[in-house]
Amino acid sequence: MKEAIHFEITHVCKQTGARTGILHTPHGDVETPMFMPVGTQATVKFLSPEEIKEIGAGVILSNTYHCWLRPGEDVIAHAGGLQKFMNYNGPMLTDSGGFQVFSLSDQRKILEEGVHFKSHLDGSPLFLSPEKSIEIQNKLGADIIMCLDECAPYPATYDYMKNSVERTLRWAKRCKEAHQRPADQALFGIVQGGEYEDLRALSAKTLAEMDFPGYSIGGTSVGESKECMYRMIDYSVKYLPWEKPRYLMGVGSVDAILEGILRNVDMFDCVLPTRIARHGTCMTSQGRVNIKKKEYEMDLSPLDPECDCYTCRNYTKSYLRHLHRANEGLGSRLLSIHNLRFLIHIAEEARKAIKEDRYGDFKDEMFKKYNLNSIDSRGF
RNA sequence: GGAGAGGUAGCGAAGUGGCUAAACGCGGCUGACUGUAACUCAGUUCCCAUCGGGUUCGGCAGUUCGAAUCUGCCCCUCUCCA
């Protein structure tokens, strides 16, 4: 049967075993490892599709739960799918609503059949089952879609996690069976299991046997230490088929991305760069810069002298500070462009280093440059 | 010159006898943010200090057990009329 996507591994770093690849999708080819901007409700907040393209983004995300509530999947289907609806002519991925099981945990109840939510918009009762999530995602039409999972909290007891993982595996099976458009949309399984190695192994092995076109690693970045996150990745990747793409969900700090790439993760997404941009924090070659600070009032230099983004080519810190303080949308937009470009550029540099068989050196240089280490969790 | 209003922390502005080192907003400083209920949230912002202490509400002098709050005088600002 024709698969929606095809993953081609193009190089394996002789120094570290890290890999580069090309993900062929119905909306174009993208190189991996890559960082994917998040556009929850069919928009990467404040950015136009042209701007998203210009920063070098390959895939962008959207979200099942949010698009379901507003504008509604039928509205998007009527427009011809997410890409046409939002005028983004590139690959897209939709999350299943599994993260909302975590983030909206105080207004939902998990049952075997699915998840009952109380709408965060108007309080109305909602029911999201694996089948419903897939049905919505079929209508949204992204190139890659996700199984409905429970992104479990951290810490969680072994018994809680075992119960959760087993249910998520049953849901994965139901998602696969419900999927109507496998030739157009690749359905990824999501490895869960928290910090427990045997549960991660159970999850990864079971999903691998089900033969998905790609695999996500979920349940990370939920409050655990970096060291714990890296173990979760190790426990998961170990049991996944080498030739399929791996996607570490919700991870977007520089150190974690670099560690993930070392562990053969191919795809990353995170709201961090866009959220902190809106809050005035910038990821730069000089470390984090808080544009609110008075010391930038008269600073006519670019945000990051090493950056090639639209913002850094055209605007001063003084102006960016003004925009942010004045609560002008252009400030959020320019800082979001920069932060996304920063992470996408890191991924580009990582790919280059892998192809030149020096990823280990590259990672060490980056950790040194940003004063990071593999154990501690502050991160960047 | 006459009539009126007012002077509170970096700024604006509450408070009008004890619960007030003084609400609130802005500004300042810290910090957080990871498959987005987040252009958000938390802390801090007179001085010194670990408890705690020391100076404040235009100035000076009073009343009172106690004053930013009441009284007198003085200084300054604004509005209107000459």
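How many nonpolar, polar and charged residues are in the lining of the largest cavity? The first legend gives the count. The model shown in every view is predicted.

**View 1. The largest cavity and its lining.**
The lining of the largest cavity has seven nonpolar, three polar and one charged residues. The volume of this cavity is about 50 Å³. The count of cavities of 30 Å³ or more comes to one. Among the lining residues are Ala152, Pro153, Tyr154 and Ala156. Met161 and Met232 also line the cavity, as do Gln192, Gly194, Glu195, Tyr196 and Gly219. Empty space of this kind shows up when a probe the size of a water molecule is rolled over the atoms.

**View 2. The cis peptide bond at proline 155.**
The bond runs from tyrosine 154 to proline 155, with omega near -5 degrees. Proline 155 is placed in the loop between strand 10 (144-146) and helix 7. Most peptide bonds are trans.

**View 3. The cis peptide bond at proline 71.**
Here the cis bond joins arginine 70 to proline 71. Its omega is near 10 degrees. Proline 71 sits in a loop, with helix 2 (64-69) and helix 3 (73-79) on either side of that loop in the chain.

**View 4. A positive phi at alanine 42.**
Most residues other than glycine have a negative phi. Alanine 42 is not a glycine, yet its phi is positive, at about 60 degrees. The residue belongs to the loop between strand 4 (34-37) and helix 1 (49-54).

**View 5. The largest pocket.**
The space in the largest pocket comes to about 1100 Å³. Its lining counts 46 residues. Nearest the centre of this pocket lie Phe99, Gly250, Cys270, Val271 and Arg275. Which elements each supply at least two residues of the lining? They are strand 5 (60-63), helix 5 (98-103), helix 9 (226-237), strand 14 (267-270) and helix 11 (272-278). Helix 5 provides the largest share, five residues. By class, the lining has 15 nonpolar, 21 polar and ten charged residues.

**View 6. The second largest pocket.**
About 250 Å³ of space lies in this pocket. It is lined by 15 residues. Glu306, His345, Met366, Lys369 and Tyr370 are the closest to its centre. Helix 14 (329-355) and helix 15 (359-369) each give at least two residues to the lining. Helix 14 gives the most, with five residues. The lining divides into six nonpolar, two polar and seven charged residues.

**View 7. Helix 10 against helix 14.**
Two packed helices are described by the angle between their axes and the distance between the axes. The axes of helix 10 (residues 254-262) and helix 14 come within 11 Å. They cross at roughly 30 degrees. This angle is under 35 degrees, so the two helices are roughly parallel to each other. The crossing is right-handed. From helix 10, Val254, Ile257, Leu258 and Ile261 make the contact. They meet Phe342, Leu343, Ile346, Ala350 and Ile354 in helix 14. This contact has nine nonpolar residues, no polar ones and no charged ones.

**View 8. Helix 9 against helix 10.**
Helix 10 also meets helix 9. The two axes come within 11 Å and cross at roughly 25 degrees. That makes helix 9 roughly parallel to helix 10. Their crossing is right-handed. Helix 9 contributes Lys226, Met229 and Tyr230 to the contact, and helix 10 contributes Asp255, Ala256 and Glu259. By class, the contact has three nonpolar, no polar and three charged residues.

**View 9. Helix 6 against helix 7.**
The axes of helix 6 (residues 130-140) and helix 7 (residues 158-178) come within 8 Å. They cross at roughly 40 degrees. Helix 6 and helix 7 are therefore oblique to each other. Helix 6 passes helix 7 in a right-handed crossing. On helix 6, the contact residues are Pro130, Glu131, Ile134 and Asn138. On helix 7, they are Trp171, Arg174, Cys175 and Ala178. The contact has five nonpolar, one polar and two charged residues.

Methods. Residues are numbered from 1 along each chain as its sequence is written. Chains are lettered from A and ligands numbered from 1 in the order in which they are written. This is a predicted model: local features need pLDDT of at least 70, side-chain atom pairs count only at pLDDT 80 or more; totals for chains, interfaces and linings use all residues. Side-chain values use heavy atoms; hydrogens and water are left out. On a 1 Å grid over the protein atoms alone, a cavity is a set of points where a 1.4 Å probe fits but cannot get out, and a pocket is an open set with protein on both sides within 12 Å along at least five of seven lines; lining residues have an atom within 4 Å of a point. Grid points are joined across faces, edges and corners, and a volume is the space filled by probe spheres set on the points. Helices (H or I, at least four residues) and strands (E, at least two) are DSSP runs, numbered from the N terminus. Ala, Val, Leu, Ile, Met, Phe, Trp, Tyr, Cys and Pro count as nonpolar, Asp, Glu, Lys and Arg as charged, and the others, Gly among them, as polar. Axes are lines fitted to C-alpha atoms, for helices over the stretch in contact, and angles run from 0 to 180 degrees between N-to-C directions. Angles under 35 degrees count as roughly parallel, over 145 as roughly antiparallel, 65 to 115 as roughly perpendicular and the rest as oblique. A crossing is left-handed if the near helix is turned anticlockwise from the far one by less than a right angle, and right-handed if clockwise. Contact means heavy atoms within 4.5 Å.
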